[in-house]
Amino acid sequence: MKLLEDMILRYGEVRPGNVLKVDSFLNHRIDVKLVEKLGEELYEAFKNDKITKVLTIESSGIAIAMMTALKFGVPMVFAKKRKTINLSDDVYTAPVHSYTNNRDYEVMVSKDYIGKDDVILIVDDFLANGCALRGLIDIAHRAGATVAGAGIAIEKGFQGGGDVLRAEGLKIVSLAIIERMSDDSLEFRR
């Protein structure tokens, strides 16, 4: 998606360690019009898949997932990274590793919010090694739900997670795929 690529080139910050900082427009301060367009693109890509829920992980995927769910007219559910006192013990859990935070999380979704009749679209801001996506797929499958695919804003194609999951049969639509990234530049996949 050219608009997203242009925003990355203009406002994104490439940091050492293959980190791309996009918090000035995507996941800290949010350009609402951009995120609305991301939701529209993901809707177009999955509109024939009978989506009943959009699933993401807190927190930076929520805005994109919400706009996508709005376009589908379905609920958005997010996996929590921390157990709170108002979350029951009746949850699906999965371990995930955050590349950006270099931290492991046990994410959880209440069993009340996804089930066997759901067709899930997983949405997230980044796809790097695929750990977060695998965790959400695991949660959806344990709920008996069908995973239609994943909609990703920015994929770090050079890290291979998306390629492996595609080879396993998962439909992944990434709106911008970074093919190469060094400490001071990046190149998109064409």
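**Helices, a buried leucine and a pocket**

Reply: In H2, the buried residues are Leu 34, Val 35, Leu 38, Gly 39, Leu 42 and Phe 46. Buried means under 20% relative accessible area, exposed over 50%, and partly exposed in between, with a 1.4 Å probe and protein chains only. Helices (H or I, at least four residues) and strands (E, at least two) are DSSP runs, numbered from the N terminus. The model is predicted: local features need pLDDT of at least 70, side-chain atom pairs count only at pLDDT 80 or more, and totals for chains, interfaces and linings use all residues. Residues are numbered from 1 along each chain as its sequence is written, and side-chain values use heavy atoms, with hydrogens and water left out.

Me: Within what arc do the buried residues of H2 fall, seen down its axis?

Reply: The arc is that of the directions from the helix axis to the C-beta atoms. The buried residues of H2 line one face of the helix, because they fall within an arc of 145 degrees.

Me: Which residues of H1 are exposed?

Reply: Start with the buried ones: Leu 4, Glu 5, Met 7 and Ile 8. They fall within an arc of 160 degrees down the axis of H1, so they line one face. On the other side of H1, the exposed residues are Lys 2, Leu 9 and Arg 10.

Me: Is Leu 42 buried or exposed?

Reply: Leu 42 is found in helix H2. Contact means heavy atoms within 4.5 Å. Not counting residues up to four places away in sequence, Leu 42 touches several residues, including Ile 64, Phe 72 and Val 123. Its relative accessibility is 0%, so Leu 42 counts as buried.

Me: What is the volume of the largest pocket?

Reply: On a 1 Å grid over the protein atoms alone, a pocket is an open set of points with protein on both sides within 12 Å along at least five of seven lines. Grid points are joined across faces, edges and corners, and a volume is the space filled by probe spheres set on the points. For the largest pocket, that volume is about 770 Å³.

Me: Which element gives the most to the lining of the largest pocket?

Reply: Lining residues have an atom within 4 Å of a point. Elements that give two or more residues to this lining include strand S5 (91-98), strand S7 (119-127) and helix H4 (131-142). With 5 residues, the one that gives the most is S7.

How values were computed:
On a 1 Å grid over the protein atoms alone, a cavity is a set of points where a 1.4 Å probe fits but cannot get out, and a pocket is an open set with protein on both sides within 12 Å along at least five of seven lines; lining residues have an atom within 4 Å of a point.
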